[in-house]
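Welcome! Please open the sequence and the 3D view side by side before reading on.

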Amino acid sequence: MEAALTCGVATTDATQSKILAAGFLVALVVLVNLSRIPVLLGAVVLLLAACRWRGISWHGLARVLAYPLFLAITTIAVLGLTGSAPAVVLLEAPGPGLAISLPGVERGVILSLRMLSAVLAVTALVSTTGWPGLLRALRHLGLPPLLTRLIAGIVRYGDLVHQELLRMQRALACRGFRPRTVLHSGSAATLGRLLGASLIRTLDRGERIHRAMLARGYAPGTPLPGDPPSSGREAAAVEVRDLWFSYPGGPPVLKGISFTAPRGSRVAILGPNGAGKSTLLFHLNGLLSPARGEVHILGRRLDRASLLWARTQVGFVFQDPDDQVIAPTVREDVAFGPLQLGWPSARVDEAVRRALELLEISHLADRPVADLSYGQKRRVALAGVLAMDPAILVLDEPTAFLDPAAQSELVAILETLRESGKTIIIATHDVDLAAAWADRILVLEGGEMLASGTPGLLADGRLVGRARLRLPWAVTLTPSGRDPRDFLDEEAKSCTFRTDFWIPGPWRARR
Amino acid sequence: MHIPDGFLDPRTLAGTAVMGAGAVGYATSRLKRELDEGRVPVLAAMSAFVFAAQMVNFPIAGGTSGHLLGGALLAILFGPWAACLSLTAVLIIQALVFGDGGITALGANVLNMAVLGTLAGYLTYRLLGRRPTGFRPAAAFVASWVSVVVAAVAAALELALAGAIPLRVALPAMAFWHALIGLGEGVITTAILAYLARVRPSLLSVLRPESAELPS
């Protein structure tokens, strides 16, 4: 995140934002030390006008000012009632009575106006610079990088966690939970569970974010990988030999997996939940290291020495884009990987521009990531990996949760990439996608390779049943007298894609 | 408890800003040494959690509602320095986006909530009982209550020192309300820790609150 924050900021920009930020702070300090009511009133009116000019709606202003106004009224009341004489007596009563102190009220009004003008000034500022600009300014003002990274984390994930909490709260309400006072033990326990569960989910997300950063070559304090070593041109893109793996204290998750992906091939890994698909993918760029067996990338064995090099060659797109897309803006996030490679800034800019263009998201470049739709975040995640120009692309469940049109668009993008010579490996549950798109199928079950071969093997009902899959729809279109296997194999090869609409080959042939 | 802009005089502003910045600087250098680079995304995610959790309101008693402040929770789980930095980040965002606490008063708010509050909570938890790790419900409850009240009292003292609100008004008012809010904080923090102790005990046992480390 820290590195991502620094990208794309020219020195002139840095000086400019430094001067702006310092000027703003000085103005604010002067403002909050004014003590003449007419001057303060004038400032409030001017700042209100400035906010309106910046395009903030009355509704937005009301939301910003609601709490400060409440605080202002409380302050005036408290100081009015407790201040010293001269006072206007409101109520004659035995004892202290009720009197309003004029100097007290005046003091309260001054404090309130200062507060309101400051809130308006900050609102106008944030609407001018926007989040990314503000974060950069904070960095330039000499805030410790560790702190700016935490702030960037909140900007990127605060709303996400909040939305998650709201969904969990709604789910609780649907099951009849009505919060009473927290001093009631049942209510407290439920709230504790709600927040505790959210805390654990957030911690796990932190872990996944870290893994996604590693996958994009993040390795502070480590020398950058040198030029790719010469490897035989004929070497396969990926070769896995007898791979065994188990998570600490658990049973083996991968039991002797072997497969080869030739250069330029399209490989689909299929299998039920928990079959070990993601675990296998994590081995392909060294996020996990095997207990036994070997992984070869472009003919070079993946080990400690080749790890960083491998991560530049194997681009990894995670299933949840929110785990991968970490920077506050799209441009900064796409630049994250290239910056880890230590490229000069001109090359970084060029790579970012091309990746954004390829995925047709150039118009989103300066938008905050938090505002994007799920499908857009997916594209940003893919762009962030493509910007590093890897020879091999690994995607975990690339079509999950995408609407049908977005799925077709993704397939079209993958097709473009393959035509440019990249090897693409995906893990998926979508048998139709696998049958129509892939030229090699691997079926995993219980950590073992159940079958591997051409898409034709998906016509095998027994195999498909064992792997908790189903037959691709295309099988049902096999003309009488033809072997469904050959039909799948041939149609898979001749299948074409359109960005606007994707019809599997066999279906078109029939119409 | 967030002090807005305009309430503190230049003297108090400067004093609290220097103390707040000093403490945050110290926390940063401690964490730089003790925190593994790989844990930074986890800490960033935790800051986002505290930020989000502060928006979840719950009723306390007599029509008052409150929300988790999280200082003691973070300090018990991750140590005082990580907690301090996390809360500082949250306070900066709140001042910039929600007008919750002033920009010029940021130093004071950081000092009260991110530094004094978390440290008080952390020390209370450490002092109440010999075992430094693990889940101790009573200690967690008291520590959370103390962290809230200490921060509130510090805010009242600063407001009085600046001449904004006299001490005889600010202190009882702040102390009373936050003694109540502290009850909510104590109950919720304890409930969260109880849940974590049951669902993921490694979080409480692996963590060593005596150092500023995060779990690995």
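## Ground rules and confidence

This is a predicted model, in which local features need pLDDT of at least 70, side-chain atom pairs count only at pLDDT 80 or more, and totals for chains, interfaces and linings use all residues. Residues are numbered from 1 along each chain as its sequence is written, while chains are lettered from A and ligands numbered from 1 in the order in which they are written.

The pLDDT is below 50 over residues 1-11 of chain A, a stretch with 33 contacts beyond near neighbours in sequence. It also stays under 50 over residues 496-511 of chain A, where the model has 26 contacts beyond four places in sequence. Two residues are in contact if their C-beta atoms, placed from the backbone, lie within 7 Å. Where pLDDT is low, the predicted coordinates should not be read in detail.

Helices (H or I, at least four residues) and strands (E, at least two) are DSSP runs, numbered from the N terminus. Axes are lines fitted to C-alpha atoms, for helices over the stretch in contact, and angles run from 0 to 180 degrees between N-to-C directions.

Start with helix α4 (residues 58-82) of chain A, which packs with α5(A) at about 165 degrees, their axes 7 Å apart. The two helices are therefore roughly antiparallel, a word used for angles over 145 degrees. Their crossing is right-handed, meaning that the near helix is turned clockwise from the far one by less than a right angle. Among the residues that meet are A:L65, A:L71 and A:L79 in α4(A) and A:V105, A:L111 and A:M115 in α5(A). This contact has 13 nonpolar, 7 polar and 1 charged residues. Here Ala, Val, Leu, Ile, Met, Phe, Trp, Tyr, Cys and Pro count as nonpolar, Asp, Glu, Lys and Arg as charged, and the others, Gly among them, as polar.

Helix α5 (residues 102-140) also meets helix α6 (residues 145-174) of chain A, with axes that come within 10 Å and cross at roughly 170 degrees. α5(A) and α6(A) are therefore roughly antiparallel as well. A:W131, A:L135, A:L138 and A:R139 of α5(A) touch A:T148, A:I151, A:A152 and A:V155 of α6(A).

## Where the chains touch

Chains A and B each give 58 residues to their contact. On the side of chain B, α1 (10-34), α2 (40-53), β1 (57-59), α4 (80-98) and α7 (167-199) each supply at least two residues. Which helix gives the most? That is α2(B), with 13 residues. By class, chain B's side has 44 nonpolar, 10 polar and 4 charged residues.

Most residues other than glycine have a negative phi. A:D242, not a glycine, has a positive phi of about 45 degrees and lies in strand β3 (residues 238-246) of chain A. A:D242 is partly exposed, with 13 other C-beta atoms within 10 Å; a residue is buried at 20 or more, exposed at 12 or fewer, and partly exposed in between, with C-beta atoms placed from the backbone.

A:F401 has a positive phi of about 65 degrees and sits in the loop between β9 (392-396) and α14 (404-419) of chain A. A:F401 is partly exposed, with 13 other C-beta atoms within 10 Å.

Conventions. Parallel < 35°, antiparallel > 145°, perpendicular 65-115°, else oblique. pLDDT = per-residue confidence, 0-100.
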